[in-house]
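Welcome, and thanks for taking a look at this one.

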Amino acid sequence: MANMETDQDKTPQSLSAKFEGSFAYLTVRDRLPTILTKVIDTIHRNKNSFFEEHGEEGVSAEKRAISFLSKLRNELQTDKPVLPLTDEAEDAAAWNEYIHRQQDLMENKQPVSWFKSPWLYVECYMYRRIQEALWLNPPICDFDVFKEAKTQSFFESQQATISLCTYLRDLLTGVDKLTENQLFDAFLKFLQVSLWGNKCDLSISAGQDNSQKSSPIDSLADLQRFILVDDSDKVWSALMALQGSVGTEKSGARVDIVLDNSGFELVTDLVLADFLISVGQAKEVRFHGKCFPWFVSDVTKKDFHWTISQTMASNHRQMSACGVQWKRFLKEGVWSYHDHQFWTLPNEFCDMRADAADLYSTLQASDLILFKGDLNYRKLTGDRDWEHTVPFGRALRGFHPAPLCSLRTLKANVQVGLQSDQGEKLTSQEPDWMTVGKYGIVQFFCPP
Ligand code: MG
C-alpha cells in the first residue's frame with residue numbers, strides 16, 4: 001500500500017490542461033457539438049415514427065427533447081457550468097456526487113464548466129445528458145439515438161463479417177488436427193482481428209462511415225508493424241496455464257470482455273470468444289456492455305442480441321452458422337451479457353473498488369479481462385499525461401482485479417508502457433501518432 005500511495009503522489013495532471021489551445025484539444029472539443037447536432041437531427045427525422053407509435057404525445061416529446069438538446073449544445077459551446085442531472089434515474093445520484101467532487105477540486109470556487117473540466121469527465125457527461133433528454137421525455141425515452149449509425153456500420157461490414165466467419169468455421173472443422181503452434185497462430189489472428197476491429201469507432205468519426213470493407217484476416221500481416229506493445233504471448237500463457245496442454249483434461253478459463261463498439265468490432269469480439277470456447281481455451285465468456293446508448297457506437301444489451309440475431313439470419317451459410325452457435329452459447333450459459341452503471345459513469349477504474357464494489361468483486365473471479373478500446377484505456381490509466389515509459393501496472397493505480405489486457409487502437413492522447421525513446425521516435429516521425437487510429441496495442445498486466 002505504501003508503494004501505491006507514492007504512485008498516487010506522482011500521478012500527473014488530467015489531460016485537459018495539456019490539451020488547452022492545442023490542435024488535438026480543438027479537434028475533440030469540436031466533435032461534441034457535431035455529435036449533438038446529429039442527435040438533434042436524428043430525433044427530428046424520426047418525428048413521423050414517434051407520431052405513428054405514440055400519437056401527439058410522441059410529437060410533443062420530440063419537441064421537448066430537441067429543445068433540451070439545443071440548450072445543451074449552447075451550454076457546451078459557450079462554456080457554461082456543468083449542471084446536475086435532474087432525471088432521477090438510478091445513476092443520477094452517483095453522477096451528481098461526482099459533479100460535487102469536481103466542484104470541490106476547483107480553486108476560487110469557480111463553477112465547473114465544460115472547458116475547464118477534465119476531458120474524460122466532460123465527454124462522458126455529454127452522453128449522459130443526451131440520455132437525460134430522452135428519459136425526461138416519455139414516451140420516447142427508450143429511443144436509441146445512435147441505432148441507425150450502429151445498424152449501418154454492421155451492414156456495411158457484411159463482406160468482412162462473412163470472410164471472418166468463414167475463416168473461423170473452416171478452422172474449427174479441422175481443429176483436432178492442429179498442433180499447439182498452429183493453435184497459437186490462430187489465436188494471434190483472432191486476437192489481432194479483435195484489436196483492429198476497434199478501428200471502427202463512430203464516436204471518433206462523429207458518426208461518419210467507418211466500417212470494415214476488406215478481408216480482416218488478409219490485412220493482419222501488413223498491420224503487424226503498427227502494434228506498439230504486443231503482449232499476445234503473455235495473454236496466451238495466462239490462458240494456457242489454466243488449461244493444461246491441448247488434448248488433455250481441461251478446466252479452462254473464465255474470460256471477461258469489456259466491450260467497446262457495436263458493428264464490425266462486436267463481430268470480431270464474438271468471433272474471438274467463439275474461438276476461445278470452441279478450442280477449449282475458455283470455458284466461459286462474459287461480455288460487459290453499456291446500460292444505455294453511449295459514445296455513439298458502444299454496445300448495449302439490445303445491440304448485442306440484435307447483432308447475434310442478424311448474424312443468424314444471414315443468407316450466407318457460414319455466417320449464419322456462427323450466429324446459430326452464438327445463440328447456443330448464450331442459451332447454455334457459456335456466454336452471458338452483463339451491464340453495470342459503473343461503465344457509464346465518468347469514474348476512472350481505480351475508483352471501482354470503492355465506488356462499485358460489486359462489479360470489482362465480480363471481475364476478481366475472472367481469469368482474464370480484455371478491455372476493448374480507447375475509453376476503457378483512458379479510464380484504466382485515468383486519462384493522465386503519463387510519460388510513455390511509465391509501466392502499465394503503475395498507471396493502473398491499484399486497479400487489478402484479475403490479469404487484464406487492453407486491446408486498443410490509439411485515438412486518444414494517452415499511452416504508457418512503451419520502450420525508452422519509442423514515444424519520442426514516433427512523435428518525430430508522425431506527430432499525431434496517438435490520435436490517428438493507425439497504431440494498436442495488446443497490453444497485458446498480471447497482478448502480483
Ligand atoms: Mg466506443
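Let's begin with a pair of helices: α9 and α15 are roughly perpendicular to each other, because the angle at which they pack, about 70°, falls in the range from 65 to 115 degrees that counts as such. Please keep in mind that this is a predicted model.

**Helix α9 with helix α15**

- The axes of α9 and α15 (residues 317-331) are 8 Å apart.
- On the α9 side, the contact is made by Gln158, Thr161, Ile162, Cys165, Thr166, Leu168, Arg169 and Asp170.
- From α15 come Gln318, Met319, Ala321, Cys322, Gln325 and Trp326.
- Sorted by class, this contact has 7 nonpolar, 5 polar and 2 charged residues.

**Helix α9 with helix α13**

- Helix α9 (residues 158-173) also packs with helix α13 (residues 264-278), at an angle of about 5° and with the axes 10 Å apart.
- That makes α9 roughly parallel to α13, since angles under 35 degrees count as roughly parallel.
- Residues of α9 in this contact include Ala160, Leu164, Leu171 and Leu172, and among those of α13 are Phe264, Val267, Val271 and Phe275.
- The contact of α9 with α13 divides into 9 nonpolar, 3 polar and 2 charged residues.
- Thr161, Leu168 and Arg169 of α9 take part in the contact with α13, and they are also listed in the contact with α15.

**Backbone features to look for**

- Most residues other than glycine have a negative phi, and most peptide bonds are trans.
- Glutamate 88 is not a glycine, yet has a positive phi of about 55°; you will find glutamate 88 in the loop between α5 (56-77) and α6 (92-105).
- Valine 296 has a positive phi too, of about 60°, and sits in the loop between β3 (282-289) and α14 (301-312).
- Glutamate 88 is exposed, at 74% relative accessibility, whereas valine 296 is buried, with a relative accessible area of 3%.
- The peptide bond from proline 138 to proline 139 is cis, with omega near 10°.

**The loop between α7 and α8**

- Proline 139 belongs to the loop between α7 and α8, and aspartate 144 lies in that loop as well, with α7 spanning 119-135 and α8 spanning 147-156.
- Aspartate 144 counts as buried because its relative accessible area is 16%, and the cut-off for buried is under 20%.
- Beyond its neighbours within four places in sequence, aspartate 144 is in contact with Lys150, Pro293 and Asp303.

How values were computed: Residues are numbered from 1 along each chain as its sequence is written. This is a predicted model: local features need pLDDT of at least 70, side-chain atom pairs count only at pLDDT 80 or more; totals for chains, interfaces and linings use all residues. Side-chain values use heavy atoms; hydrogens and water are left out. Helices (H or I, at least four residues) and strands (E, at least two) are DSSP runs, numbered from the N terminus. Buried means under 20% relative accessible area, exposed over 50%, partly exposed in between (1.4 Å probe, protein chains only). Contact means heavy atoms within 4.5 Å. Axes are lines fitted to C-alpha atoms, for helices over the stretch in contact, and angles run from 0 to 180 degrees between N-to-C directions. Angles under 35 degrees count as roughly parallel, over 145 as roughly antiparallel, 65 to 115 as roughly perpendicular and the rest as oblique. Ala, Val, Leu, Ile, Met, Phe, Trp, Tyr, Cys and Pro count as nonpolar, Asp, Glu, Lys and Arg as charged, and the others, Gly among them, as polar.
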